[in-house]
Amino acid sequence: MNKGRRDVLKGAGGTAVLGLALAAGLFRSGGARADWNKAAFETKSLSDAVKAMGGGAPVESKDIVITSPDIAENGAVVPFTIASKLPKTASIAILVEKNPNILAADFQFPDGTEPWVNTRVKMGQTSNVIALVKADGKFYYASKEVKVTLGGCGG
Amino acid sequence: MSDPMKIRATMAGDKVEVKVLMSHEMETGQRKDSKGATVPAWFIQNVTATHNGKTVLSAEWGPAVSKNPFLSFRFAGGKPGDKVIITWTDNKGDKRTDEATIS
């Protein structure tokens, strides 16, 4: 990704004319999308990821339920279902602690959409998987260890 | 151009359950090819689902989402015959939009 262009985008925030020019040209070419939190996807720890999302220290919560296999034979495709019972859940993110970058995906739930999501992520190795929930402006998390047996022998 | 998404939207009680299977390499940027050169990252960054013009889910993804991503979610306020429209955009700026009718 083009670091220089990202900086240009940041600097141009207040300039309407330049902003329009960027919207017409650069945005369409991709690579530096305004609605993708590049900083958060480059973090390596839960606290840094939350910081990049604009939050403080997350609180552990039992109202977040992670459903996944305890042992994944294929780390390339590990299914996760995350449900949040926290009132005013606005987003659910899935983080894999030992992946090169911790944040895998972040889902935003408008009013009327159940705070529930089912998806599949890659895991490089056995790791804690963290579900990070933003509810009523605060961050909460739950974690679960998932063992990955590379090679698919089930050992 | 990528292959179409497979989208299924069905009523589950008073909610609509949407299941989406996308066709995408989701290359991490960590892998090396047979010559030892790093395969550049290529992955879906943004996913948006709308129903009657209203966004019902939006997502930001990193390269750790599995190849040919699967996604399922549930929203209220839909009825059979309504359309659910899903759009993804990847880090190269490629875009794909598909729709399904709620049954």
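**Close-up views of a two-chain predicted model**

View 1. An open sheet of 6 strands runs in the order 2(A)-4(A)-7(A)-5(B)-2(B)-1(B), and its pairing is antiparallel. Strand 2 (64-67) of chain A and strand 1 (6-12) of chain B stand at the edges with a single partner strand each, so one side of each is left without a neighbour in the sheet. From one strand to the next, the twist averages 15°, with axes taken as lines fitted to C-alpha atoms, for helices over the stretch in contact, and angles running from 0 to 180 degrees between N-to-C directions. Strands here (E, at least two residues) and helices (H or I, at least four residues) are DSSP runs numbered from the N terminus, and two strands pair if DSSP finds at least two bridges between them.

A word on reading these views: this is a predicted model, in which local features need pLDDT of at least 70 and side-chain atom pairs count only at pLDDT 80 or more, while totals for chains, interfaces and linings use all residues. Residues are numbered from 1 along each chain as its sequence is written, and chains are lettered from A and ligands numbered from 1 in the order in which they are written.

**View 2. Where chain A meets chain B.** The contact takes 33 residues from chain A and 29 residues from chain B; two residues are in contact if their C-beta atoms, placed from the backbone, lie within 7 Å. On the side of chain A that touches chain B, strand 6 (103-108) and strand 7 (116-121) of chain A each supply at least two residues. By class, that side has 15 nonpolar, 11 polar and 7 charged residues. Nonpolar covers Ala, Val, Leu, Ile, Met, Phe, Trp, Tyr, Cys and Pro, charged covers Asp, Glu, Lys and Arg, and the others, Gly among them, count as polar.

**View 3. A strand pair across the two chains.** Strand 6 of chain A pairs with strand 4 (residues 54-61) of chain B in the antiparallel sense, over 4 bridges. Look for A:Ala105, which stands opposite B:Trp61 in strand 4 of chain B.

**View 4. Strands 4 and 7 of chain A.** Strand 4 (residues 78-84) and strand 7 of chain A run antiparallel and are joined by 6 bridges. Here A:Ala83 stands opposite A:Trp116 in strand 7 of chain A.

**View 5. Strands 3 and 4 of chain B.** These two strands of chain B pair in the antiparallel sense over 6 bridges, with B:Val47 having B:Ala59 in strand 4 as its bridge partner. Their hairpin has 2 residues between the strands, and B:Asn52 takes a positive phi near 50°.

**View 6. Strand 6 of chain B and its two neighbours.** Strand 3 (residues 44-51) of chain B is joined to strand 6 of chain B by 7 bridges, and the two run antiparallel; B:Ile44 has B:Asp90 as its bridge partner. Another 7 bridges join strand 6 (residues 83-90) to strand 7 (residues 95-101) of chain B, also antiparallel, and there B:Thr87 is partnered by B:Thr97. In this second pair's hairpin, with 4 residues between the strands, B:Gly93 takes a positive phi near 90°. As for confidence, chain B averages a pLDDT of 96, and 99% of the residues score at least 70; pLDDT is the predictor's confidence in each residue, from 0 to 100. The model scores ipTM 0.96 and pTM 0.85.
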